[in-house]
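Here are some notes on the spaces inside this model and on its ligand. Please read them with the structure open.

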Amino acid sequence: MTGMFITVEGGEGAGKSTNIAAAKAWFESRGYQVTLTREPGGTPLSEQIRSLVLAEHSETVAPITELLLMFASRSQHLAEVIQPALERGDVVICDRFTDATYAYQGYGRGMSKSDIAVLEQLVQGDLRPDLTIVFDIDPKVGMQRAGARGSLDRIEKEQYAFFERVRTGYLELAASAPQRYQVIDAEQSIENVELQLTRALSTFLDR
Ligand code: Z5A
């Protein structure tokens with residue numbers, strides 16, 4: 001028996017963390033076992049890579065270093081958490097996955113899509129999410145929301161244009177495979193966003 005692999009994506013402050021809790025409750029109320037996890041991170045080693053990748057350093061982090069760290073974290077996360085949970089039959093809900101690599105390292109930093117695809121195949125084999133929810137938000141609104149929380153990490157300190165490219169990346173990825181992606185307008189109220197989310201999950205389960 002194999003489970004379902006659902007990934008949640010979007011820019012800063014789009015409401016991923018807020019809505020992932022609602023998605024977990026929605027599946028559990030229907031009797032599903034849910035594994036909630038995140039990237040970069042999800043295992044002790046991958047969380048250490050997360051700390052490294054988000055921290056400020058006295059040297060510039062080369063885009064390829066950042067890219068490889070994302071996939072190093074992912075490889076360990078897949079082996080330790082995601083694949084075992086899918087084999088148990090769980091619904092795995094992952095806060096960011098490889099679409100974030102295409103959006104941030106690809107569209108944001110300018111790394112080539114084909115290089116990312118090579119690493120994707122190497123690390124994941126044929127595993128791809130069954131459903132990807134993209135919370136779409138104007139980066140100005142998202143940054144205001146995220147900024148209200150306090151200090152910014154290394155990636156959050158990027159310029160506005162970087163986050164515009166990331167947003168474009170997510171929307172282009174979603175348009176390229178509409179059967180896998182659901183784009184949600186994340187600028188609406190928390191209640192309306194949650195309503196759109198539960199509709200998207202119902203549609204996914206019904207198909
Ligand atoms: N990254 C990468 O570059 N490459 C990769 O391959 C991967 C990741 C996997 C860490 O991700 C960083 O790693 C991220 C991308 C990069 N870079 N940055 N910057 P993360 O997911 O941990 O960090 P994040 O994107 O910064 O998450 P976030 O800022 O916590 O955003 P969020 O989870 O989407 O938002 P939230 O915490 O649910 O909500 C933010 C605030 O807005 C909060 O106060 C909420 O109460 C409020 N909120 C939420 N929804 C609403 C609505 N609808 N209205 C009003 N207020 C709201």
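1. Start with the lining of the largest cavity: β4 (131-136), α6 and α7 (160-176) each supply at least two residues to it. The largest share, four residues, comes from α7. Keep in mind that this is a predicted model.

2. The largest cavity has a volume of about 100 Å³. Its lining is made up of 13 residues, and G11, E12, I137, F163 and R167 lie nearest its centre. Sorted by class, the lining has seven nonpolar, three polar and three charged residues.

3. How many cavities of 30 Å³ or more are there? The count comes to two. The second largest cavity holds about 30 Å³ of space. The residues lining the second largest cavity are I6, V8, N19, I20, A23, I93, I133, F135 and L197. The elements that give two or more residues to this lining are β1 (4-10), α1 and β4, and α1 gives the most, with three residues. By class, eight of the lining residues are nonpolar, one is polar and none is charged.

4. Now turn to the largest pocket, whose volume is about 740 Å³. It is lined by 32 residues, and the closest to its centre are E12, G13, K16, S17 and R96. Two or more lining residues come from each of α1, α2, α3, α4, α6 and α8. The lining divides into twelve nonpolar, eight polar and twelve charged residues.

5. What takes up the space of the largest pocket? The ligand does. The elements giving two or more residues to the shell around the ligand are α1 (16-28), α2 (44-54), α3 (63-88), α4 (98-108), α6 (139-147) and α8 (190-206). The largest share of this shell, four residues, is from α4.

6. The ligand is surrounded by 31 residues, of which E12, S17, T18, R50 and R96 are the closest. By class, the shell has twelve nonpolar, nine polar and ten charged residues.

7. Some contacts are worth checking by eye. An N or O atom in the side chain of T18 is 2.5 Å from an oxygen atom of the ligand. For T101, a polar side-chain atom lies 2.6 Å from a ligand oxygen atom. In the side chain of R145, an N or O atom is 3.2 Å from a nitrogen atom of the ligand. On its own the ligand has 1,100 Å² of accessible area, and the protein covers 84% of that.

Key
Residues are numbered from 1 along each chain as its sequence is written. This is a predicted model: local features need pLDDT of at least 70, side-chain atom pairs count only at pLDDT 80 or more; totals for chains, interfaces and linings use all residues. Side-chain values use heavy atoms; hydrogens and water are left out. A residue is near a molecule or strand if one of its heavy atoms lies within 4 Å of it. A polar contact is a pair of N or O atoms within 3.5 Å; within protein, one must be able to donate a hydrogen and the other to accept it, and residues adjacent in sequence count only if both atoms are side-chain atoms. Accessible areas come from the Shrake-Rupley method with a 1.4 Å probe; for residues, only the protein chains shown count as cover. On a 1 Å grid over the protein atoms alone, a cavity is a set of points where a 1.4 Å probe fits but cannot get out, and a pocket is an open set with protein on both sides within 12 Å along at least five of seven lines; lining residues have an atom within 4 Å of a point. A molecule sits in a cavity or pocket if more than half of its atoms lie within 2 Å of its grid points. Ala, Val, Leu, Ile, Met, Phe, Trp, Tyr, Cys and Pro count as nonpolar, Asp, Glu, Lys and Arg as charged, and the others, Gly among them, as polar. Grid points are joined across faces, edges and corners, and a volume is the space filled by probe spheres set on the points.
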